[in-house]
Amino acid sequence: MTNKKKRIAFIYEGVKAEENLLSNMVKNFFDSKADVSILNCPADGNIYMLWTRLKNDDFETNVIDVLKEMSTVARERLRDLKASDFSEIYLFFDYDGHHNNIKKEYLNRDILQEMLQTFNNETELGKLYISYPMIESIKEIDIIKREYKHLYLALDDITAYKQSVFSKSDFSNYNDLDEKHWLIACNASRRRASLLVRYKNACTYDCFIHNLGQEELYFYQKRNYINNGRFLCILNSVPLFLLEYFEEDFWNRAIAA
């Protein structure tokens with residue numbers, strides 16, 4: 001009798017490109033380990049709207065049921081599934097300093113901080129990963145140099161970033177990414193995260209797990225960049241998710257890439 005694979009939900013906002021990136025990640029790392037559902041927030045929604053719906057219900061509902069209400073695509077893909085079928089939920093969203101679709105009463109609050117505190121456990125409401133400025137930042141990574149091409153981006157330039165990000169990048173075609181691409185992206189991202197928090201020593205796996213979580217990275221984004229010149233340190237969250245998910249053996253493989 002074979003063991004039943006766990007079921008995981010990956011939720012994202014954006015267009016087809018994000019789904020292609022996450023689908024490629026699943027193909028490279030999850031196909032033999034889990035049944036994965038990749039779900040998109042509806043075109044008129046984003047992470048703030050999803051969080052607001054949950055907050056209005058005092059967080060007594062779950063992300064899967066709310067998403068099925070918001071999205072006809074999610075409802076179709078999850079037709080025969082219910083929230084209890086999922087053992088883990090992960091959300092991948094872009095940083096949005098303008099708080100689009102947030103109610104006026106929330107505008108003077110740090111809603112992203114509140115959401116990171118809400119979505120902090122993959123076995124409950126879900127775990128949130130934020131890319132700065134957006135998921136396309138993975139195109140910044142240079143395979144030869146094994147590093148991001150730019151350090152920071154002005155907040156005022158976020159809108160234009162998606163059109164200007166490197167069309168000739170080593171990561172331009174998400175469908176063609178292989179394990180080597182991902183390992184290099186993980187190594188570059190763990191170095192970038194360490195730089196973001198200005199960690200002076202070589203960042204070990206234990207340091208990464210205990211000091212470079214999503215809440216900590218957002219804290220240092222605010223302190224070192226957002227509030228200190230209206231910039232963002234460019235960083236993609238998907239490789240950081242892989243480093244956390246597959247633990248120290250995977251970390252060591254990424255370091256050696």
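Let's start with helix α11, where Phe250, Trp251 and Ala254 are the buried residues; buried means under 20% relative accessible area, exposed over 50%, and partly exposed in between, with a 1.4 Å probe and protein chains only. These three lie on the same side of α11, because they span an arc of only 105° around the axis, taken from the directions from the helix axis to the C-beta atoms. On the face turned away from that buried side, you will find the exposed residues Asp249 and Ala256. Helices here are DSSP runs of H or I with at least four residues, strands are E runs of at least two, and both are numbered from the N terminus.

Before going on, a word on the model: it is predicted, so local features need pLDDT of at least 70 and side-chain atom pairs count only at pLDDT 80 or more, while totals for chains, interfaces and linings use all residues. Residues are numbered from 1 along each chain as its sequence is written, and side-chain values use heavy atoms, with hydrogens and water left out.

What does the buried side of α11 pack against? Its partners are α1 (16-29), α7, α8 (205-211) and α10, where contact means heavy atoms within 4.5 Å.

Take α10 next. Its axis is 6 Å from that of α11 (residues 247-256), at an angle of about 130°; axes are lines fitted to C-alpha atoms, for helices over the stretch in contact, and angles run from 0 to 180 degrees between N-to-C directions. The two helices are therefore oblique to each other: angles under 35 degrees count as roughly parallel, over 145 as roughly antiparallel, 65 to 115 as roughly perpendicular and the rest as oblique. From α10, Leu242, Leu243, Glu244 and Tyr245 meet Glu247, Phe250, Trp251 and Ala254 of α11.

Helix α10 (residues 237-245) also packs on α7 (residues 179-196), with axes 8 Å apart and an angle of about 95°, so this pair is roughly perpendicular. Among the residues making the contact are Trp182 and Cys186 of α7 and Leu242 and Leu243 of α10.

Tyr245 leads us on to Glu88, which contacts Tyr245 as well as Lys6, Arg7, Ile8, Ala9 and Glu122, leaving aside neighbours within four places in sequence. Glu88 sits in strand β3 (residues 88-94). Is this charged-class residue buried or exposed? Glu88 counts as buried because its relative accessibility is 9%.
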